[in-house]
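Work through the following exercises with the sequence and the model side by side, and try each task before reading its solution.

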Amino acid sequence: MKLTNEQLAALMVQIANEKFGSEVFHRRHLLTATEQVVKDRGLWEADDDGWSSSVDAKSNGLANIDYRFSHQLAAPGLITKVRHGYWRLSNPEPPKPKAFTQPACDVQEPPEKIITQVIRIVRDTKTAATLKERYDFKCQVCGEQIQITDNSFYIEVHHVRPLGGKHLGFDVVENMLVLCPNHHTMFDFGVPRFIDALHIVIHGKTYTLTCKHELAVASVDYHNKIIASQ
């Protein structure tokens, strides 16, 4: 399996949050859901299909997932046993608010001004920050560098397979692109399509990415099949 023990455990917690939230779930349901996600992402290897020597009949890959359930979720207390075979997340994430779009309407006079507060999650991990420096804070598509002060620049990191939600992408460099705000927005809306990991097409024009790291083929394929097709 092309996952470290920590990545596999984190993936299981993500899936549990997405599928079950604060509800009680059966252990095997989480294991099989994790197995399917790992396969869908192309992270399942040939050895994982081998027959496990564990007590229950299962593949090597499923046995590995089962082992991580016990030793990296149950043991540290990330999940709590409710009764035999049934568990729940110890600290489930709160449900995400549903988006609401105000219907368009014609107004005769300017509307009153109101104060609103927006909470935005900004992911700028050490991995993302290091990748920005590797590209000298320049967009991999157009090479733009936005200078703020003499010694500071603004650039964004895009996750080719988005994090969280239904996408469950990983926060690793193989799933990241360094982009200016314009091209970041285009990728979010699925405007570019990958020809391969080094070339994209935007409105019929081909661009060669400046690449100082390697993108995961699975992330590229996911973007083309899921994000760009929407």
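**Exercise 1.** In this predicted model, determine which residues of helix α3 are buried and which elements they pack against.

*Solution.* Begin with the accessible area of each residue, where buried means under 20% relative accessible area. By that cut-off the buried residues of α3 are G61, L62, A63, I65, D66, R68, F69 and L73. Next, look for their partners: these buried residues pack against the helices α1 (5-19) and α2 (27-40), and also against the strands β1 (25-26), β2 (79-83) and β3 (86-89).

**Exercise 2.** Work out what span helix α3 should have from its number of residues, and locate the kink in this helix.

*Solution.* Helix α3 covers residues 60-74, which makes 15 residues, and at 1.5 Å a residue these should span 21 Å. The expected span is taken as 1.5 Å times one less than the number of residues. The end C-alpha atoms of α3 are 20 Å apart, which agrees with the expectation.

**Exercise 3.** Describe how α1 and α3 pack, and name the residues through which they meet.

*Solution.* Two packed helices are described by the angle between their axes and the distance between the axes. For α1 and α3 the angle is about 85° and the axes are 10 Å apart. Angles of 65 to 115 degrees count as roughly perpendicular, and α1 and α3 are therefore roughly perpendicular to each other. On the α1 side the contact involves N5, E6, L8, A9, M12 and V13, which meet N64, I65, R68, F69, Q72 and L73 in α3.

**Exercise 4.** Identify which members of the largest nonpolar core touch the most other members, and which elements supply this core.

*Solution.* This core has 26 residues, of which L3, M12, L30, V38 and F69 touch the most other members. Two or more residues come from each of α1, α2, α3 and β3, and α1 gives the most, with six residues. Taking L3 as an example, and leaving aside residues up to four places away in sequence, its contacts are L8, L11, V38, L43 and F170. A second, separate core of 20 residues includes V157, C180, F194 and V220.

How values were computed
Residues are numbered from 1 along each chain as its sequence is written. This is a predicted model: local features need pLDDT of at least 70, side-chain atom pairs count only at pLDDT 80 or more; totals for chains, interfaces and linings use all residues. Side-chain values use heavy atoms; hydrogens and water are left out. Helices (H or I, at least four residues) and strands (E, at least two) are DSSP runs, numbered from the N terminus. The bend at a residue is the angle between axes fitted to the seven residues ending there and the seven starting there. Buried means under 20% relative accessible area, exposed over 50%, partly exposed in between (1.4 Å probe, protein chains only). Contact means heavy atoms within 4.5 Å. A nonpolar core is a set of buried Ala, Val, Leu, Ile, Met, Phe, Trp, Tyr and Cys residues joined through side-chain atoms within 4.5 Å. Axes are lines fitted to C-alpha atoms, for helices over the stretch in contact, and angles run from 0 to 180 degrees between N-to-C directions. Angles under 35 degrees count as roughly parallel, over 145 as roughly antiparallel, 65 to 115 as roughly perpendicular and the rest as oblique.
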